[in-house]
Amino acid sequence: MSETTIQEEIFKRRTFGIISHPDAGKTTLTEKLLLFGGAIQMAGAVKARKSSRHATSDWMKIEQQRGISVSSSVMKFNYRDFEINLLDTPGHEDFSEDTYRVLTCVDSAMMVIDSGNGVEPQTEKLMGVCRMRNTPIVTFINKLDREGMEPLDIIADIEEKLQIECAPMSWPIGMGKRFRGVYNLYKKQLHLFTAGAETRLDAGITISDLEDPKLDELLGSQANDLRDEIALLEGAANPFDLEAFLKGSQTPLFFGSAINNFGVQELLDAFVEFAPPPGAREAKERMVQPNEKDFSAVAFKIQANMDPAHRDRIAFLRVCSGKFEKGIKVRHHRIGKEIALNKAIVFMAQDRSQVEEAYAGDIIGIHNHGSIRIGDTFTTKEALSFTGIPNFAPELFRRIRLKDPMRRKQLHKGLVQLSEEGAVQVFRTLLGGDYILGAVGALQFDVTVERLKTEYNVDADYTATDFQVSRWIESDNEKKLTEFKRSFEVNLATDAEESLTFLAPSLWKLNYTMEQWPEIQFLKTREYGAS
Ligand code: G4P
């Protein structure tokens, strides 16, 4: 296959995730996007899956939910000439480190903001992850059919809390009961709002001059409000700048209502046009270009499968370069083995099927029995280690209590394997050797004890800890590091890869310690295989 053909395939691809706070409308928007892509025929399909997921908490249900999330982890669909990979970023109870890690494997993101609430905490966290890679972000302000914040206040809120410049692409006319639609500032087209989930975007009414009396005919007294707001906007908002968007310093803004399918196609059209195709990825050895002839891929997520008896897992790999063809022989570099990828799967919105071919930006799934870890690299030839898919400092901590002390070895084995899968992070205190588990979402703790029981026959539960924050510790100054270790023995632990970790009782204490110890680096993320 020539590099030109590979290049053409890459240009067609868009791989992205949605960042939002629970209830902002991510599921609803996903569903509408899939409808446009023809990937689902009926509204309600994604939604039904979500509600079946949340009615649950016992183990069988967790299993069920895990099975479900295997197929919803990646949703591939076509739109116009584009092949789109939408990577699920679990929220609600499923919120976990995986949600962060998925974002390190996208080329762009869509941010959904509830116009009633503005920027909310989970969005801020996810934005922090996007900022690590300067991921370009398109923003959708949702729920304009309800009373919410004034659009200019939403912009100020985004700019202040997320430190990203906003460039409105369209402007809403009223909100709630007075919501009349949006005016596209670039195409100079008016889109009138009609309620109803199946509504598709009309071509729009071209109004190139806002003084056109047609605007008054269509909008009545709200025509003048629109004129005033747009005049105000000219001084207050930034014009769209493609380069700034691609650098992640500016976000184009769209307004609409996902549930009414209003503004969604406009968003999707702009997204496929502006968002970048799969780009180069960094490996320890060198930058790897997506259009290189040789195939390479990296594992970013491991999902335990539904059947605990088989301990079967699916590893999700992002293709980074070259062409994947069914049966391709690749080298699994960490274990130095060659494997033939005969049964890799690709995930469609409601289905999965065997992959025949795939290119950079595509996600493929491989069944394995625990031989794949997050961060593992697969290539046809060259030994590469991709970086940029790190561990993130956990936000919740529990001390594990083993009920039968004779099972300590099994506990250790189970925890190491589960941490390699990225299900949970495991730390051992330097003093006492206690196991402290760290997670980003609380559900991970339940899943961990259940999996310890069913897969490793280990009965364990949790006790509380005083720890609330953690950071990985590094320093070039050996003397200071030794001093630091001596001063903070009770707060130090090692993670599953033996990296030194500082566990603090509060963010305040962490910040204070950081100020006192400028020679020590306190890291929020840690690359796999770094130590
Ligand atoms: P999430 O995935 O981000 O958590 O949000 P989801 O799409 O589930 O939406 C959360 C709630 O917001 C849902 O209502 C959904 O119907 C509603 N919603 C989404 N988009 C819009 C919109 O444009 N306008 C209005 N008014 N509401 C919207 P719910 O009552 O929690 O669920 P349901 O009973 O509607 O399923």
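In what order do the seven strands of the open sheet stand? The order is β2-β3-β1-β4-β5-β11-β6, and the pairing is mixed. This is a predicted model: local features need pLDDT of at least 70, side-chain atom pairs count only at pLDDT 80 or more, and totals for chains, interfaces and linings use all residues. Residues are numbered from 1 along each chain as its sequence is written, and side-chain values use heavy atoms, without hydrogens and water.

**The sheet**
- β2 (74-79) and β6 (165-168) stand at the edges with a single partner strand each, so one side of each has no neighbour in the sheet.
- On average, neighbouring strands of this sheet are turned by 30 degrees against each other, direction ignored.
- β4 (residues 108-114) pairs with β5 (residues 137-142) in the parallel sense, over six bridges.
- Pairing requires at least two bridges found by DSSP between two strands.
- Val 112 stands opposite Phe 140 in β5.

**Helices on the sheet**
- Helix α2 (residues 26-36) packs on the sheet and touches β1 (13-20), β2, β3 (82-87), β4 and β5.
- The direction of α2 makes about 155 degrees with that of β1.
- Helix α11 (residues 264-274) lies across β1, β2, β3, β4, β5 and β11 (250-255), and runs at about 175 degrees to β5.
- Angles run from 0 to 180 degrees between N-to-C directions, with axes fitted to C-alpha atoms, for helices over the stretch in contact.
- Helices (H or I, at least four residues) and strands (E, at least two) are DSSP runs, numbered from the N terminus.

**Thr 494**
- Thr 494 sits in strand β30 (residues 492-495).
- Thr 494 counts as buried, at 17% relative accessibility.
- Buried means under 20% relative accessible area, exposed over 50%, and partly exposed in between (1.4 Å probe, protein chains only).
- Leaving aside neighbours within four places in sequence, Thr 494 contacts residues including Val 426, Phe 427 and Ser 499.
- Contact means heavy atoms within 4.5 Å.
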